[in-house]
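Here's a quick briefing to read alongside the model. Keep the structure open while you go through it.

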Amino acid sequence: MEIGYIMLIAICVIALVVLMVDITAVLSNRYYILKIVCIMLFVFTMLRYFTLIVYGDAPAYQQIMVLRYFYLASSIGLTIPTVSAIWYVTPLYREKISYPRYLLYFTPWIIFYMYIIIRQPTVVVQGESFGYALHLIDRYPMYLSIAQGSFIAIVFILSIIGIMNYKNLQIRVQLLMIIMAQITLLLDGITYFIKIPHTFPRFTVSEVLGFAALIYAFSSKIIEVKGITNQ
């Protein structure tokens with residue numbers, strides 16, 4: 001068994017554990033719609049890591065074709081819970097806008113990610129050192145990069161606004177952890193266009209860090225701070 005595949009299995013197992021902790025953290029959330037949305041997306045994303053393990057071995061053609069719908073699950077499974085966490089931990093956003101209306105602002109990204117997952121403009125290729133991988137075709141890598149880049153920019157802006165308006169340590173740490181996780185995803189995305197050998201698929205480790213950042217956001221009791229005064 002390739003050492004890269006062993007490392008991939010280890011990372012996927014860690015990702016599954018982190019996602020289960022995320023689900024546990026959000027289970028007691030008092031915002032019902034947020035809870036349902038995040039749990040559904042976390043469960044959906046767990047299937048991505050099972051898919052990566054199967055793709056890394058020697059799957060049958062039928063397995064490859066069936067599981068390809070989960071290969072890019074984290075594109076929506078990490079992004080929407082991330083902005084949900086920002087809304088949840090930042091009093092300013094909770095006070096000014098309801099969660100369902102807040103999600104509407106991210107409709108373009110949601111539609112794009114769902115289109116990619118459902119329509120599958122992809123091709124199955126031989127992995128760099130083992131198994132198989134799923135690659136976007138035509139201009140879709142560029143489209144996805146634009147979508148992800150703009151999304152990360154919005155996450156940065158929303159998080160920085162929260163950090164600047166609240167001196168509360170918990171809020172600042174929660175938002176800072178989200179920013180740091182997004183930076184790792186951004187750096188991982190840059191390597192998509194640089195010919196650097198990868199032992200295992202891109203975005204695996206950075207995604208784990210992204211989901212880990214959500215644990216603290218969803219597991220901590222929300223801070224009730226009226227207005228946007230520096231408190």
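What follows covers the core, a few helix pairs and one tyrosine.

This is a predicted model, in which local features need pLDDT of at least 70 and side-chain atom pairs count only at pLDDT 80 or more, while totals for chains, interfaces and linings use all residues. Residues are numbered from 1 along each chain as its sequence is written, and side-chain values use heavy atoms, with hydrogens and water left out.

**The core**

- The largest nonpolar core has 65 residues, and Tyr 102 and Phe 218 have the most contacts inside it. (A nonpolar core is a set of buried Ala, Val, Leu, Ile, Met, Phe, Trp, Tyr and Cys residues joined through side-chain atoms within 4.5 Å; buried means under 20% relative accessible area, with a 1.4 Å probe and protein chains only.)
- (Helices are DSSP runs of H or I, at least four residues, numbered from the N terminus.)
- Setting aside neighbours within four places in sequence, Phe 218 is in contact with residues including Ala 25, Leu 34, Phe 42, Pro 81 and Tyr 88. (Contact means heavy atoms within 4.5 Å.)

**Helix 5 and helix 10**

- In helix 5 (residues 79-89), 11 of the 11 residues are buried, so the helix is largely enclosed by the rest of the structure. Among them are Pro 81, Trp 87 and Tyr 88.
- Helix 5 packs against helix 10 (residues 169-190) at about 165 degrees, with the axes 10 Å apart. (Axes are lines fitted to C-alpha atoms over the stretch in contact, and angles run from 0 to 180 degrees between N-to-C directions.)
- On the helix 5 side, Thr 82, Ala 85, Ile 86 and Val 89 meet Ile 171, Gln 174, Leu 175, Ile 178 and Gln 182 of helix 10.
- That contact divides into six nonpolar, three polar and no charged residues. (Ala, Val, Leu, Ile, Met, Phe, Trp, Tyr, Cys and Pro count as nonpolar, Asp, Glu, Lys and Arg as charged, and the others, Gly among them, as polar.)

**Helix 10 and helix 11**

- The axes of helix 10 and helix 11 (residues 204-219) come within 9 Å and cross at roughly 170 degrees, which makes this pair roughly antiparallel too.
- The residues of this contact split into nine nonpolar, six polar and two charged.

**Tyr 49**

- Tyr 49 sits in helix 2 (residues 32-55) and is buried, at 0% relative accessible area.
- Beyond its neighbours within four places in sequence, Tyr 49 is in contact with Cys 12, Ala 15, Leu 16, Leu 19, Glu 207 and Phe 211.

Technical notes. Buried means under 20% relative accessible area, exposed over 50%, partly exposed in between (1.4 Å probe, protein chains only). Helices (H or I, at least four residues) and strands (E, at least two) are DSSP runs, numbered from the N terminus. Angles under 35 degrees count as roughly parallel, over 145 as roughly antiparallel, 65 to 115 as roughly perpendicular and the rest as oblique.
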